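Dear colleague,

I am handing over the structure that we spoke about, with the sequence alongside. Please look through it first, and then read the notes below.

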Amino acid sequence: MSAAIGTSVARARDPLLLTGRGRYVADLDLPGQAWARVVRSPVAHATLRGVATEAALAIPGVLAVLTAADVPDVRIPIRLPFATTPEGLSVLQPVLARDVVRYVGEPAALVLAEDPWTAEDAAELVELDLDVLETAGDPVEAASSSTLVHERLGSNVVNTIPVRFGDVEAAFAAADVVVARRLELPRQTGAPLETRGLVAEPTDGGVTIHGAAKVKHFNRGVLAELLDLPPERVRLVEVDVGGGFGVRGELYPEDVLVPFAALRLGRPVKWVEDRAEHLVATNHARGQVHELEVAATADGRLLGLRGTAWVDQGAYIRTQGILPAILPGHHLPGPYVWEAFDLTAHAVLTHRTPVGTYRGPGMTEASFVRERLLDVLAAELDLDPVELRRRNLIPAERMPFVYDLGSESPPIAYESGDFAGGFEVLLESVGYDSARGEQARRRAAGEHVGLGLAATVEMGAIGPFEDAAVTMSDAGRAVVRVGVASLGQGVETVLAQIAADELGIEPDAVEVRHHDTDDVASGFGSFASRTTVVAGNAVALACRALVKRAREQGVVLAEVGEVTARFEKPHPSFSFGATFSLVSLDPETGRVVPERHVVLHDIGRAINPALVEGQLAGGAVQGVAGALLEELPYDETGQPLAVSLADYRLPTVLDAPPVEVVLVEHPVPGNPLGIKGAGEAGIVGAPAAVANAVADALPPGAEEPLALPLTPQRVHALARPAR
Amino acid sequence: MSRWHHPGDLFEVELVLNGEPATLETHVRATLADAVRAAGLTGTHLGCEHGVCGACTVLLDGDPARACLVLAAQASGRRVDTVEGLGTPDALHPAQQALLEARGLQCGFCTPGFAVLSAWLHDREPEADEERIREVLSSSLCRCTGYGPIVAAAMQR
Amino acid sequence: MKAPPFAYARAESLDDALALLAEAGDEAKLLAGGQSLVPLLAYRVLRPTHLVDIDALTSLETHERTPEGLRLGALVRHEQLATMSVKGAERVLAEAAGHVGHLPIRTRGTIGGSLAHADPAAELPVALLALGATLHVRSTAATRDLGVEELLLGPYTTSLAADEAIVGVTVPEAACERRGAFAEFAVRSGDFALAAVAVVATVDGNEKRDVRIALGGVDATAIRASSAEALLERAELTDDAIAEASTAAATDCDPASDAGTSAPYRRALVARLVRDALTRIREEWA
């Protein structure tokens with residue numbers, strides 16, 4: 001085994017990116033290209049009586065204005081079979097609104113012009129004839145409201161998803177203590193620094209689309225169908241991608257409109273989303289309300305967990321189906337031993353931007369809700385929060401640990417790991433006892449300092465499989481082709497390390513190709529922390545098969561030709577994580593300063609430790625901002641209030657605590673490389689730990705933090721009773 | 001002859017761009033970011049176009065400025081330095097080298113802005129302390145790294 | 001987010017700028033550093049017919065000490081002001097300038113631009129109001145001087161005529177002998193302030209204090225906290241006096257409640273910031 005695996009190999013593209021020589025989709029210009037600009041609904045709910053385009057068309061340089069009548073009457077499909085329901089299928093989004101608009105930002109027309117200034121001028125002159133209607137906003141209210149987002153559904157609740165184990169009535173009946181709370185998370189979004197964009201060019205009998213990401217092969221198949229083209233004539237090409245975080249790459253209306261327009265015009269069409277559009281057009285996430293109760297014995301043994309969640313899915317079900325409402329329930333039990341749980345989640349429609357997945361979807365929310373409630377329980381029992389967790393974390397000897405959810409749902413199956421042990425490793429890495437001592441000293445000096453913890457599990461490494469193809473050249477260089485995607489995380493480097501390790505060459509002798517659907521026939525893409533695990537193992541298997549075949553045929557590697565292998569992953573993996581947060585706050589102004597943040601993650605085995613740490617630290621800071629800064633609020637008429645980056649507060653250097661990353665490695669069985677994913681782990685426990693730290697820091701008599709974000713105004717209000 | 005330039009007109013901006021005299025063929029509504037990008041210098045990125053994210057940071061007469069908030073016309077007769085002028089992949093500016101070694105980038109979209117800021121700190125404020133470094137770097141947003149390695153890179157003197 | 005259409009001219013001198021402004025009519029705007037104006041163009045909330053670019057008029061970027069006081073040209077940049085060598089209560093202005101946005105904004109934004117934009121939460125108007133600064137305004141026809149309170153009429157609204165430009169600001173000479181402190185609260189460093197406070201005081205034994213307290217972000221414009229000032233007129237800066245004045249200042253303003261920030265919270269911030277500023281003045285004087 002070479003030194004490739006486990007070393008922090010540098011990324012080959014970094015010098016290019018550092019010197020501004022990256023090539024993102026907005027950097028791409030094709031000869032003869034036209035520019036597209038989406039006309040978006042300015043109101044949250046209205047009957048769309050018509051679209052007047054004459055004034056727009058009169059501007060010199062405007063080539064066309066497309067409305068629903070001009071485009072196929074198709075719907076954005078759901079990508080995930082297990083998140084597809086008949087109800088969800090009845091509320092899919094058309095590529096341009098017809099007859100009704102259901103959220104501010106919904107595409108209603110597409111302007112095509114010679115340059116982006118003209119396109120935007122013309123878009124302003126497109127007149128939407130709207131009869132404004134009532135809106136359904138808050139998901140709890142919307143769930144029982146008669147103001148329907150989709151009349152034909154008869155309700156705003158798309159589906160109700162149960163996650164049940166054991167006899168929860170008995171568990172609660174046997175309890176010494178029951179603690180119940182209502183907890184809320186706001187809408188938030190991934191907000192990568194690069195907004196979305198596409199350049200589509202008509203080709204001989206087809207179309208090439210530059211700017212694809214995340215799930216290229218699925219999107220290609222769908223586009224072929226929606227554009228009525230043979231799939232092999234639809235080519236999706238990834239260029240450099242400025243971050244994804246789950247929200248980039250899913251199929252959106254623009255992904256259909258832009259190539260359609262290119263085919264219609266017979267010219268390349270370029271579209272770059274601006275930031276104001278991004279905040280209303282790209283998937284939102286996280287918005288949900290939980291009413292949760294926990295039952296326990298007097299000595300802190302968890303018995304039962306019961307609750308209802310209202311998950312805001314926005315105005316349409318898009319490519320991820322009802323996944324946002326499936327995931328929380330599966331993550332609420334977490335790394336703990338429960339006698340029983342009964343969790344219900346409602347997927348609720350509202351007249352707001354549709355909802356998809358943002359890094360750590362469902363698991364971040366569930367961790368916040370559960371870990372806050374556990375701290376509330378600990379206080380009720382007069383038990384140290386550490387001790388409460390110690391008494392209930394699943395111990396190593398009980399692995400693999402399975403919650404059988406009956407016929408309704410696949411089980412929650414923790415295949416490996418040491419949850420209780422991992423928690424201890426975190427405490428030791430933190431120096432928890434001495435942190436408590438330091439807190440006491442600072443409190444004595446009048447400071448408000450709090451420590452918060454979270455123990456979490458995170459579903460990742462979703463299958464069903466990936467294929468990898470490997471070829472070795474005479475010059476000792478390898479070419480690996482896989483159907484995954486780069487969002488900027490270092491995919492090529494890690495897969496190159498794996499191949500290099502198997503083939504006995506250096507990582508820089510491996511070229512990883514994943515960018516072009518013409519070059520790689522199939523793939524499931526990059527999401528759910530799956531790339532290194534599923535594609536990485538496929539690469540390893542393909543390399544092993546190549547080596548084996550060379551040995552069997554008695555030839556050198558370069559003479560074998562291309563070898564393909566598939567790695568099947570029928571079930572997702574769950575990883576353990578734990579987070580520690582230390583904050584100080586000023587109860588008078590409400591300002592919270594996150595001073596220290598430690599995140600522990602069971603990575604299985606780290607292929608490239610520096611890249612893993614980068615993922616965890618980046619995710620952690622996103623999570624801290626999710627706890628303290630970020631929200632996408634609406635007014636009562638469904639108007640979004642965060643329309644710029646001055647409103648949607650992304651963290652700066654001064655808002656980010658230093659993040660310490662602690663990796664533990666418990667190799668995963670049934671996985672040749674023994675690895676787990678890492679893309680989302682940093683964020684999952686962050687809001688939970690920070691909120692618990694804020695609760696710990698607030699003066700006695702203050703109200704409990706139960707809603708995010710904990711902005712200065714909110715913390716000031718929580719502290720009021722204590723003043 | 002009218003003093004006014006109109007949106008449809010070609011507007012030429014003569015300036016010193018990355019150390020060389022240059023002429024940008026642009027128009028009055030274009031920002032400096034739009035104009036340098038149209039001239040092929042696409043390293044200056046548009047992340048927000050309203051002056052918050054810093055992905056478009058350049059040096060204007062030697063000082064950091066947001067190119068999306070400068071009209072191209074305003075750069076006339078001035079010195080503009082973009083990320084492309086700092087270094088090349090084979091000859092990185094020390095600040096870029098430090099970012100490389102510290103792994104201060106992931107997706108790379110914010111990176112040119114941080115490279116320009118870090119290079120400015122390195123060249124113009126070599127004595128800057130951690131507080132000043134963090135204050136200056138807080139001008140730009142990064143969504144991927146969490147900032148640790150970016151600050152660490154700038155602290156290398 | 002591309003700007004809407006406008007005609008553009010670059011001024012070659014101040015007189016030229018004023019002539020262009022007069023020629024362009026009521027919907028024209030001056031463009032200097034662009035840090036406030038260009039984002040409004042990007043969001044198309046402002047649609048000027050003409051832009052008169054004065055950014056290159058370096059003669060307006062200078063400052064000098066005159067018998068009247070510290071005279072700043074309208075194009076003095078925030079970063080210049082933040083790092084300028086100042087005396088006495090002038091520090092309030094330098095501190096305020098240091099709080100404007102981030103470095104790349106401060107290298108471009110100007111004092112004249114900040115005043116003309118009249119954002120109720122802007123730092124410089126607050127500091128200038130506390131200092132009792134005089135603003136110098138010109139058009140092709142006339143020159144006039146006015147105080148900050150005469151300039152600021154409401155949110156983003158000034159008493160400037162369409163053909164007028166702020167050409168300079170004078171901070172009174174008396175400020176050199178006074179003390180000052182500036183404080184603001186923003187969610188993130190560099191954000192717009194939720195509340196800002198500037199205090200300028202003559203601290204001279206038991207004589208009249210002549211305390212001027214200006215508040216920003218908590219009313220339609222920057223305003224004076226008059227009842228707080230009155231309380232301190234003859235009082236020593238004791239803890240109780242400071243506390244009373246802080247509470248009074250919170251009632252002197254009428255903050256808007258918007259979706260994110262409530263009026264009561266802004267008042268609480270005012271009280272805290274006034275307390276901090278007065279305490280700092282007392283400590284530094286002692």
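Helix H11 (residues 363-381) of chain A has 19 residues and reaches 26 Å from its first C-alpha to its last, close to the 27 Å expected at 1.5 Å a residue (the expected span being 1.5 Å times one less than the number of residues; helices are DSSP runs of H or I of at least four residues, strands runs of E of at least two, both numbered from the N terminus). Because 16 of its 19 residues are buried, H11(A) is largely enclosed by the rest of the structure (buried means that 20 or more other C-beta atoms, placed from the backbone, lie within 10 Å of the residue's own). After H11(A) comes A:Asp382, with a positive phi near 55°.

This is a predicted model, in which local features need pLDDT of at least 70 and side-chain atom pairs count only at pLDDT 80 or more, while totals for chains, interfaces and linings use all residues. Residues are numbered from 1 along each chain as its sequence is written, and chains are lettered from A and ligands numbered from 1 in the order in which they are written.

Chain A as a whole has 20 helices and 25 strands, and 62% of its 723 residues count as buried. Its C-alpha trace spans about 75 × 70 × 50 Å along the principal axes.

In chain B, the domain assignment (automatic or from a database) gives domain 1 (11-84) and domain 2 (94-155), whose C-alpha centres lie 20 Å apart.

Best regards

Methods:
A residue is buried if 20 or more other C-beta atoms lie within 10 Å of its own, exposed if 12 or fewer, and partly exposed in between; C-beta atoms are placed from the backbone.
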